[in-house]
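Hi everyone, thanks for making time today. I'd like to walk you through a structure that may be new to you, so let's bring it up on the screen.

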Amino acid sequence: MNARVFRDAYGVPQLQAGDPLALVYLQGLNAAQDRAWQLELERRRFLGTSAAFLGAEAAPWDVFARQARLADTAQRCFEALDDELREWNTAYVEGVNHAMPVGAARAPEFAQTGLTTQKWEPWAPLGIWLAVHILFAGFPSKLWRTHVARHLGEEAIELFSSEGPRTAGSNGWLIPGSLTSSGQAIIAGDPHRFIESPGVYQQIRLSCPEYDVLGLAVPGIPGIAHFGHTGTVAWAITNAMSDYQDLYAEQLRRTGSSVEALGPDGWKPASRHIEVIEVAGADPIEIEVIETERGPVIIDNAEQTVSLRYPPRVTGRLGFEVLPKLLRATTVGDVDAALETWVEPVNVVLAADTSGGLLHRTAGLVPTRHESNRLRVVPAWDADHQWQGWYEPMPRATVDGPAVMANARELAAPMGVEFAAPHRSRRIRELLGSQPTWSVDEMPSIHSDTYLGSAGSLLDVLAGLADLSPEAVALRTELLEWDRRMDASSTTASSFAAVRKALVSRLADRFAVLEGDAGCPEVFQPWIDPLTHVSYALENLLGTDLLPEVNVSWLAREALEEVAARKPRPPWGETHQLSPLHMLRGPLFAPGEEPIDLGLSGDHHCVMSTSSLPGLTDVCIRGSAARYAFDLADRSASGWVVPLGASGVLGDPHHHDQLPLWLRGTLAPVHGELTRVESSFEHVVDGFGAVRIVEADPDRDLDLIHGWVTAERAGFWGMGHLSRDEIAGIYRFLDSVPTHHVYLVYLDDVPTALLQTYDPQADPVGAAYDIQAGDIGLHFLVAPGDPRPNFTGNLLRVLGQFFFVHLGHPRVVVDPDIRNDRAIDRFHRTGFVLGSEAKITYPDNTTKTAQLAFLTKDRYLGG
């Protein structure tokens, strides 16, 4: 199979390669080309070095990442992988390293911040995965509950039970073949996360002889972890909302430069060292990194000292061995078996295959321990709070009808404390039961449903109010007659949101005692904000009997009167606008580009979950990070969409071309018309002609290539003794790998030269010198013909445009045979700087002594 990149009409990459290692290298290469800023940002975040270019605002995260030992944990988990998996993961990293300088040249954020690329560590994907998911289980909620109990009493510890302020949730549903028009299952849904720019999911197809999988990949991570379709089996996940991270109150004592921590067996040594965090525009921050037998200390101040215990740090496992197994899965049984070693995050999984197999289970690693560990910070010195083992077997369910997962208190209930309200899962089940059969084309009708199941609790309070003004009576009547749909065009939906907001604000004022940082670092403040907790716990607060001193009816009356007095309200979509998060608060639309109306339907508890902070703003910052509908009858009939687009580069045609579809709740086809992505290039040189560079086809162009490489002038290529079939095999191999490329160079449409490029990381030349990220190697052969003045020099200058301007590589390396004086002289006169001589050994054990030479982009453009 040839190594090729195709893209559909939305720029979605479909990658082909000859084997899994070549394919995962190509995946890394593609990710760096499309998402360089996102990838490097996420890498710097797990390393705790993002403040060095983002400034003081990023410093709190860097402090946490260093103290939580994310980078060290990632390296431990990488080293625990078997050799085959380390090789697979490293191939992805090599692809990223090769293309990152090219991708960085396209991404304006690098120039804006002064960020430069660095060579990735082999464990960088594991570090990115940790950084993305370390807060996924919401352990800071334990800081909040401890804070609440301290100020309101133990009985109030679950008063604000709700879907937490930063917890990510999702919708997912499986419709068995008995309930579909095709007779095969459908899996559909949408993961809910903060809507980021670039987006957290990348649509992709990965194809090699061993497998052909499409799905939603996480940029920076090899394979397809969460949502995939191999043709015969498909799977999808939601957050199980389980609790698998603990916080321990620590007592430390210092003796000179060493630290001891009090545990169940007395005082034991704790590790300690100092790290320095660089901060752009400010002084460096020196931090103390301490780790006890429980885990790394993430809070150490006058008010409290707290350590974090989390499974990857304890076990040295992250579950990455599952990723290549999922790509090879052909049945539900394969998916099920693969997930047995999954670690983090803990997920609920749905899967179906073309043989009728169905799966509904949880996957991940959850410790067994004292019940109070799951609620709050617990004492490190109390043996009752130690981990006792792992929860097993992981809960699973029989699928005998439509299966739904929406973070509610269902399958994963034994392993968690705080789950999503049941409104989304109830509504999806209600919709699925509304007709006898379904097709994949009908899935957007569920994705885009705007019925607000949580509206009833507030409407019931409003219905019981008395002594209202005429304006408030009219507004209440309108609300009680409302269909409870949060449609962008609805003014009643907007009025409901305004009343809710006004009530939340008043309720939050009753909890002024909870204001303040609770002795927590800034990075945890979103979990310690009373207004946020009141917003999400509104239903519980309206129905609780734990607040006898709070007159909820009176507060609701005030809220209703306030909104009624300033009617009319605009449509919901005028204030409920999408606001994607960008680390630099960069624009969504390029200069001169016509903006798109970002008005949204939906709300937090709708199936079309578009979340704001109800007590603070209507602006949407969280929603469907992707939507998908996988058809087991015909994979090509499946659909998907992401909020922005395939590219993370502002101004690229595919930066946000899916946004109109996403706003409407519709899907793009997974198999649109494909276009092969080629590095064709043309440049006109005055007085010389039009030079065109196109990818060679090893079959179509074999006669030409054979004639050139076996000609006398190509003696240093060492191919003169090879047969036509042997040369065909060589060039078919080069065509099958993503690290080497073969081009024909045309002058005024006449084939003139052969150009071969290579990634030095995947070529014997790379062992002979210190490779820099983004290096590209060059072999160049001018076709036989009559000599022409400065002919080769003109061609080489055009190649410089091709490598440095078109492809964006920062440096070119050449390795002519040391005896090839003419080639060495020509490269030197073109601007190449001669390096060392090197003995290069090829896979067939032949060798040559080469004269290495280098040309940088800056030298070429400056000369």
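Before we start, one term: two strands are said to pair if DSSP finds at least two bridges between them. Keep in mind, too, that this is a predicted model.

Let's begin with strand S30, residues 740-747, and its partner S31. The two run antiparallel and are joined by eight bridges. To find your place, look for His741, which stands opposite Thr757 in S31. Together S30 and S31 make a hairpin, with two residues between them. In that turn sits Asp748, whose phi is positive, about 50 degrees.

Now stay with S31 and look at its other pairing. Six bridges link S31 to strand S32, residues 775-782, again in the antiparallel sense. Here Thr757 stands opposite Leu778 in S32. So is S31 enclosed or open? Here "buried" means under 20% relative accessible area. Of the nine residues of S31, which covers 750-758, seven are buried, so the strand is largely enclosed by the rest of the structure.

Let's zoom out to the whole sheet. It is open, with eight strands in the order S28-S29-S30-S31-S32-S33-S35-S34, and its pairing is mixed. At the edges stand S28 (681-685) and S34 (833-841); each has a single partner strand, so one side of each is left without a neighbour in the sheet. From one strand to the next, the twist averages 30 degrees. Helix H22, residues 702-709, packs on this sheet and touches S30, S31 and S32. The direction of H22 makes about 80 degrees with that of S31.

Further along the sheet, S33 (residues 811-814) pairs with S35 (residues 847-856) in the antiparallel sense, over four bridges. Arg811 stands opposite Thr856 in S35 there.

Next, another sheet. This one is open too, with four strands in the order S10-S11-S12-S13 and antiparallel pairing. Its edge strands, S10 (252-255) and S13 (285-291), each pair on one side only. Inside it, five bridges join S11, residues 258-263, to S12, residues 266-277, and Glu260 stands opposite Pro269 in S12. Helix H3, residues 59-67, lies across S12 and S13, at about 30 degrees to S13.

Last stop: helix H14, residues 455-463. Which of its residues are buried? They are Ala455, Gly456, Leu458, Leu459, Val461 and Leu462. Their cover includes helices H15 (470-480), H16 (491-509), H18 (538-543) and H19 (552-565).

How values were computed. Residues are numbered from 1 along each chain as its sequence is written. This is a predicted model: local features need pLDDT of at least 70, side-chain atom pairs count only at pLDDT 80 or more; totals for chains, interfaces and linings use all residues. Side-chain values use heavy atoms; hydrogens and water are left out. Buried means under 20% relative accessible area, exposed over 50%, partly exposed in between (1.4 Å probe, protein chains only). Contact means heavy atoms within 4.5 Å. Axes are lines fitted to C-alpha atoms, for helices over the stretch in contact, and angles run from 0 to 180 degrees between N-to-C directions.
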